[in-house]
Amino acid sequence: MKNRFLLLFGFLIFNSVFSQQIIGSWKGELEIQGTKLPLIINIKHENNVYSSTLDSPLQGAEGIPLDQTSFINNELRFENAAMNAKFKGILKDSAIIGTFDQNGLTLPLILKPFDKAKNKDETPELLKLADIGERLKKIDYFLSYLENNNAEAGEISLFKNGKEIYNRNFGQKNLPEFKKTNETFQIGSITKTMTAVMIFNLIDHKKLNLSDKLSQFFPQIPEADKITISQMLNHSSGLGDYIQGKTEPRWLEKKTADQAIINRIIEQGLQFAPGKSQQYSNSGYYLLTKILEKVTQKSYEENLDQYIIKPLQIKQFYTASKKPRNVYKPFSYDKKWIPVTDFDFSNIVGVGDIATTPYNLNLIINAIFDRKIVSETSLESMMPDDKRFGKGLAIVPFHNKIFVGHSGGTYGTNSLMIYNGEDDISVSYSLNADRIGIAGNEFVIAILSFLYGKDYELQK
């Protein structure tokens with residue numbers, strides 16, 4: 001069942017690369033978050049009409065029809081209404097230089113003549129899972145390297161076919177105030193996936209609709225009668241980000257009244273008209289949490305217990321109201337490890353307050369794709385399509401592999417929970433001390449590189 005969603009997220013997202021110019025094949029690459037996606041455009045001209053198809057070798061796709069191909073005054077244009085994508089480029093010196101645009105994402109694309117007949121034996125690298133035992137050894141060596149060089153602290157869990165195949169906690173003994181009793185990490189915005197799961201349970205039970213307006217619950221919010229539950233779930237509501245203080249950037253380090261947060265959301269207003277764009281919004285999920293509590297007449301903690309904790313029999317899973325004491329403290333580095341003052345997590349309930357383990361995150365992401373805690377219909381709605389953000393899930397690309405899940409960051413801890421249906425593998429981790437990259441990005445690139453046999457050079 002899981003594999004149904006392999007390519008569901010239109011990650012022909014990037015497929016939408018639109019073709020070139022005159023008769024023949026043209027090849028180019030889209031670079032997306034450090035990943036290069038090769039595309040081949042095949043142009044025909046019959047009865048004074050241009051037509052074209054797209055090949056995406058890394059995705060195993062060939063001959064995908066493209067719409068509205070035109071070539072006038074050395075300008076090639078393409079549109080694909082279904083994917084809300086278009087390409088426009090100028091033919092100059094045997095290359096078409098242009099831009100590819102989809103849902104507001106604009107990327108440069110240069111297409112050059114390509115002889116498919118001569119290159120038909122040239123097969124782009126397809127990443128595959130093989131020799132898992134050897135690749136896990138490389139991951140283990142990498143974590144030891146980080147630990148021995150006092151570069152990182154955290155925990156990682158890997159699942160294959162729904163079972164854990166690797167787990168390691170590393171680097172904690174290098175940090176001040178190390179306690180053996182610590183077991184959990186703050187997972188930040190991965191909490192939003194839990195909130196979305198519970199909202200969809202209400203939708204499945206006809207207690208809420210995706211089309212319901214925010215004005216039914218918070219009429220005081222600007223343009224609330226135009227904002228839907230669906231738009232808050234996929235960050236297209238236009239609402240701002242209440243976590244950004246007006247005069248104090250970290251105003252939520254101390255307990256703040258709910259009304260003060262609502263006032264901040266009202267003050268920020270809308271960044272764009274609802275449904276016209278996407279912009280990550282903590283405000284949307286704050287309001288979704290309050291709607292969940294209003295509709296169920298239960299606290300966020302009670303809803304978690306009903307919809308996630310009890311069905312999956314999870315332990316070590318806490319919302320802010322439980323005030324967990326076994327959480328690893330976060331640190332930053334300036335010649336030595338320095339404790340970080342994090343959020344007062346009661347200010348971000350349902351938005352980023354949950355503390356748990358990477359093992360539990362893997363249990364949850366697998367349960368989502370096994371339809372244990374969401375229905376088939378709800379999962380389809382949660383999934384990203386041709387946009388980065390779905391309703392509680394987001395795309396995380398790695399070469400020709402597409403992972404789906406969510407990332408999470410607090411002031412001091414960075415986490416990730418992702419799943420790939422093709423290989424039935426999930427990766428979850430939390431880092432509470434990180435010197436090698438920004439928001440854990442370098443860490444996940446390294447882990448996935450080792451996992452899929454890509455070259456990776458250890459940092460000095």
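How are α1 and α9 oriented to each other, roughly parallel or roughly antiparallel? Keep that in mind as you tour this predicted model, where local features need pLDDT of at least 70, side-chain atom pairs count only at pLDDT 80 or more, and totals for chains, interfaces and linings use all residues. Residues are numbered from 1 along each chain as its sequence is written, and side-chain values use heavy atoms, without hydrogens and water.

**Stop 1: the whole chain**

Show everything. The chain has 9 helices and 18 strands. These are DSSP runs numbered from the N terminus: helices are H or I with at least four residues, strands are E with at least two. Of the 460 residues, 55% are buried. Buried means under 20% relative accessible area, exposed over 50%, and partly exposed in between, with a 1.4 Å probe and protein chains only.

**Stop 2: two helices**

Select residues 132-148, helix α1, and residues 441-451, helix α9. Two packed helices are described by the angle between their axes and the distance between the axes. Here the angle is about 150° and the axes lie 8 Å apart. The axes are lines fitted to C-alpha atoms over the stretch in contact, and angles run from 0 to 180 degrees between N-to-C directions. So α1 and α9 are roughly antiparallel. That label needs over 145 degrees; under 35 is roughly parallel, 65 to 115 roughly perpendicular, and the rest oblique.

Now show the side chains. From α1, pick Arg135, Lys138, Ile139, Phe142, Leu143 and Leu146; from α9, pick Phe443, Ala446, Ile447, Phe450 and Leu451. These make the contact, meaning heavy atoms within 4.5 Å. By class, 9 are nonpolar, none polar and 2 charged. Asp, Glu, Lys and Arg count as charged; Ala, Val, Leu, Ile, Met, Phe, Trp, Tyr, Cys and Pro as nonpolar; the others, Gly among them, as polar.

**Stop 3: strand β16**

Select residues 401-409, strand β16. Because 7 of its 9 residues are buried, β16 is largely enclosed by the rest of the structure.

Strands pair if DSSP finds at least two bridges between them. Find Ile395 opposite Val404, then Ala394 opposite Gly405. In β15, 4 of 5 residues are buried. Click His399 in the hairpin: its phi is positive, near 50°. The hairpin has 2 residues between the strands.

**Stop 4: strand β17**

Look for Gly408, whose bridge partner in β17 is Ser415. Then trace the hairpin: 4 residues lead from β16 to β17.
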